[in-house]
Amino acid sequence: MSNLLGGYLSATFNPLSGAPTTVEYLVVAGGGAGGCNGGGGGAGGLLQAAGFAVASGTALTITVGAGGAGQLYANRSGITAGSNSVFSSITATGGGQGGTESYSWGGGNGVGGNGGSGGGGGFFGGTTAGGTGVSGQGFAGGTNAGTNLNEFGGGGGAGSTGSNGVSSVASGVGGTGMCSTITGSRVFYAGGGGGGTAAPAGISGIGGGGGGGSGAYTNATSGTANTGGGGGGASNSGNGGSGIVIIRYPATQSPPASFGGANTPQISYADGYQIYTWTSSGTVTF
């Protein structure tokens, strides 16, 4: 009996092979807010790669960027970009805010904000450009229509540029995000927000972007939390979606030695990997 039991154990029990030396990561920053009577918010910058070297005994910083703050029409000068997300030395840049209506008595300058992905162009008495994206993280926002002035640019996404507003037709669509399978499922992140307009509003980009609002004093949709999606533009603009940080490495290796911060990450297993997902900031030590 002892020989049979010993053979069974040796055939089925595989001890963990020690702490990882490399991990795969996905880092998505917070999306920018949409503009008031303006363009869609740009998505947060997205970075993903495998083979990132980690050392045992060193605490690595995790920062999950907040989405930018949308505003009611009366407070339109307070619209903000998204915040950066960080994993160790990897930093994804927050999305640019959508360009906002501007008159001599207040507002913005109509130009979409720069960021991981750029915000869409808003109203400023003529054609206004979308903001620029960061190379390797996201794309630019679209321009406003320029002639009618009521059709605004879509925010850029991690996978494509936000489309331009088309005069008397529609505001721009938010740029498409990027698909990741790091969790074991196909999930899109970092879609741009749709432009707001007096004509048909721009729809959101795939990957958590918010849709624009159509008509006076309407509300846009906010970007989805923990996707880095840009907020939609409208009279009352949408917030950007918060970011996310995910790492994974083989399940045959030892789990992290410790976590720091107020909240521990979500832990899951798929496709032979152990997966750690942060939706709030903290640290990890291997």
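Figure 1. In the predicted model, Tyr25 has Ile247 of strand E10 as its bridge partner. Strands and helices are DSSP runs numbered from the N terminus, with at least two residues (E) for a strand and at least four (H or I) for a helix. Two strands pair if DSSP finds at least two bridges between them. E1 (residues 22-28) and E10 run antiparallel and are joined by five bridges. E10 is also joined to E13 (residues 273-278), again antiparallel, by six bridges. Strand E10 covers residues 244-250, and six of its seven residues are buried. Here buried means under 20% relative accessible area, exposed means over 50%, and partly exposed lies in between, with a 1.4 Å probe and protein chains only. This is a predicted model in which local features need pLDDT of at least 70 and side-chain atom pairs count only at pLDDT 80 or more, while totals for chains, interfaces and linings use all residues. Residues are numbered from 1 along each chain as its sequence is written, and side-chain values use heavy atoms, with hydrogens and water left out.

**Figure 2. Strand E1 beside strand E2.** E1 is largely enclosed by the rest of the structure, because five of its seven residues are buried. Six bridges connect E1 with E2, and these two strands run antiparallel. Val23 has Phe52 in E2 as its bridge partner. In a regular strand the side chains alternate between the two faces of the sheet.

**Figure 3. Aromatic pairs at Phe52.** Rings of Phe, Tyr and Trp (its six-membered ring) pair if their centres lie within 6.5 Å; planes under 30 degrees apart count as stacked, over 60 as edge-to-face and the rest as tilted. Under this rule there are eight aromatic pairs. One of them is Tyr25 with Phe52, an edge-to-face pair with 5.7 Å from centre to centre and 85° between the planes. Tyr25 belongs to strand E1 and Phe52 to strand E2 (residues 46-53), so this pair ties together parts that are 27 residues apart in sequence. Tyr25 and Phe52 are both buried. Phe52 also pairs with Phe87: the ring centres are 5.4 Å apart and the planes stand at 55°, so the pair is tilted. Because Phe52 lies in strand E2 and Phe87 in strand E4, this pair ties together parts that are 35 residues apart in sequence. Phe87 is buried, as is Phe52.

**Figure 4. An aromatic cluster and a charge over a ring.** Five residues, Tyr249, Phe259, Tyr276, Trp278 and Phe286, form one aromatic cluster. Elsewhere, Arg248 places its charged end over the ring of Tyr273, at 3.8 Å from the ring centre. A charge sits over a ring if NZ of Lys or CZ of Arg is within 6 Å of the ring centre and within 35 degrees of the ring normal.

**Figure 5. The open sheet with E5 and E11 at its edges.** Five strands form an open sheet in the order E5-E4-E3-E14-E11, with antiparallel pairing. E5 (90-92) and E11 (258-260) stand at the edges with a single partner strand each, so one side of each is left without a neighbour in the sheet. From one strand to the next the twist averages 20°. Axes are lines fitted to C-alpha atoms, for helices over the stretch in contact, and angles run from 0 to 180 degrees between N-to-C directions. E4 (residues 85-87) pairs with E5 in the antiparallel sense over three bridges. Ser85 has Ala92 in E5 as its bridge partner.

**Figure 6. The side chain of Asn144.** Asn144 sits in the loop between strand E7 (106-107) and strand E8 (178-180). Its relative accessible area is 1%, so Asn144 is buried. A polar atom of the Asn144 side chain lies 2.9 Å from the backbone oxygen of Gly122. The Asn144 side chain also reaches the backbone nitrogen of Thr128 at 2.7 Å. A polar contact is a pair of N or O atoms within 3.5 Å; within protein, one must be able to donate a hydrogen and the other to accept it, and residues adjacent in sequence count only if both atoms are side-chain atoms.

**Figure 7. Cys36 and Cys179.** With a relative accessible area of 0%, Cys36 is buried. Cys179 counts as partly exposed, at 24% relative accessibility. The model has zero disulfides, where a disulfide is a pair of cysteine sulfur atoms within 2.5 Å.
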